[in-house]
Amino acid sequence: GTADAPRACHLCGPATEVFSFNCNMSGNYPDVDDYGVIQIRFANGVQGRVEAGWVFTGGHGGLEVIGSEKSIWNAGGMVMGAPKEERTPVEDADKRPDRIDRLIALTKGEVAEDELAADVTCCLDAVAIMEAGYKSNESGKWEKVAKV
């Protein structure tokens with residue numbers, strides 16, 4: 001349920017500890033957690049929350065980031081806005097290969113070394129955050145994220 005938590009590290013940097021709750025809400029696959037919420041404390045002082053699941057009841061679709069001054073959400077395309085301000089479109093980043101295209105680019109040597117290092121760090125962070133999240137779900141307490 002909280003598998004999107006590592007994506008928050010792209011925005012906020014390394015996570016230091018998490019508090020997580022996950023469960024099987026739908027009953028469709030009783031041995032699988034299909035809903036989860038994870039609170040994340042980042043090294044730079046930012047706190048965030050990621051909520052994910054297979055059980056969806058409506059609301060904004062996809063990524064939604066709520067900040068102290070502005071927010072970003074999907075409104076038929078990503079937009080940024082704040083109360084009493086005009087919303088503005090978020091510019092798309094340059095397209096980069098992903099999934100199979102990324103694997104092909106990797107085998108052709110078309111992915112820079114620093115980008116590969118960032119990918120590996122992201123993968124390691126994902127495992128560390130998820131491990132801490134599952135520990136937190138069991139303990140009911142904040143759990144430290146292992147440094148990688």
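1. Lysine 84 sits in the loop between S6 and S7. Strands (E, at least two residues) and helices (H or I, at least four) are DSSP runs, numbered from the N terminus. Lysine 84 has a positive phi of about 65° although it is not a glycine. Most residues other than glycine have a negative phi. With a relative accessible area of 90%, lysine 84 is exposed. Buried means under 20% relative accessible area, exposed over 50%, and partly exposed in between, for a 1.4 Å probe and protein chains only.

2. On provenance: this is a predicted model, in which local features need pLDDT of at least 70 and side-chain atom pairs count only at pLDDT 80 or more, while totals for chains, interfaces and linings use all residues. Residues are numbered from 1 along each chain as its sequence is written, and side-chain values use heavy atoms, with hydrogens and water left out.

3. Glutamate 85 and lysine 70 meet through their side chains in a salt bridge, at 3.5 Å from N to O. Glutamate 85 lies in the loop between strand S6 (78–81) and S7, and lysine 70 in the loop between S4 and S5, so the pair ties together parts that are 15 residues apart in sequence. Glutamate 85 is partly exposed, at 44% relative accessibility. Lysine 70 is partly exposed too, at 40%. The criterion for a salt bridge is a side-chain nitrogen of Lys or Arg within 4 Å of a carboxyl oxygen of Asp or Glu. By this rule the count is 6 salt bridges.

4. Next, the sheet around these loops. Four strands form an open sheet in the order S4-S5-S6-S7, with antiparallel pairing. Strand S4 (65–66) and strand S7 (88–89) are the edge strands, each pairing on one side only. Two strands pair if DSSP finds at least two bridges between them. S4 is joined to strand S5 (residues 71–74) by 2 bridges. Isoleucine 66 has serine 71 in S5 as its bridge partner.

5. Now strand S2. S1 and S2 run antiparallel and are joined by 8 bridges. The partner of glutamate 17 in S2 is arginine 41. On to strand S3 (residues 47–53): S2 pairs with S3 in the antiparallel sense over 7 bridges. Here tyrosine 35 has glycine 53 in S3 as its bridge partner. S2 and S3 form a hairpin with 4 residues between them, and glycine 45 in the turn has a positive phi of about 95°. Of the 8 residues of strand S2 (residues 35–42), 6 are buried, so the strand is largely enclosed by the rest of the structure.

6. Helix H3 has 27 residues. It reaches 39 Å from first C-alpha to last, close to the 39 Å expected at 1.5 Å a residue. The expected span is 1.5 Å times one less than the number of residues. Its buried residues are Asp125, Ala128, Ile129, Met130, Ala132, Gly133 and Ser136. Just after H3, glycine 140 takes a positive phi of about 75°.

7. Arginine 102 forms a salt bridge with aspartate 119, with the closest N and O atoms 2.4 Å apart. This pair links distant parts of the chain: arginine 102 is in helix H2 (residues 99–107) and aspartate 119 in helix H3, 17 residues apart. Arginine 102 counts as buried, at 16% relative accessibility. Aspartate 119 is partly exposed, at 27%.

8. Glutamate 131 is partly exposed at 42% relative accessible area, and lysine 135 is partly exposed at 45%. Salt bridges that share partners join Arg102, Glu115 and Asp119 into one network.

9. The elements giving two or more residues to its lining are strand S1 (15–23) and helix H3 (113–139). H3 gives the most, with 3 residues. In total 14 residues line this pocket, and Pro14, Ala15, Asp125, Ala146 and Lys147 lie nearest its centre. On a 1 Å grid over the protein atoms alone, a pocket is an open set of points where a 1.4 Å probe fits, with protein on both sides within 12 Å along at least five of seven lines; lining residues have an atom within 4 Å of a point.
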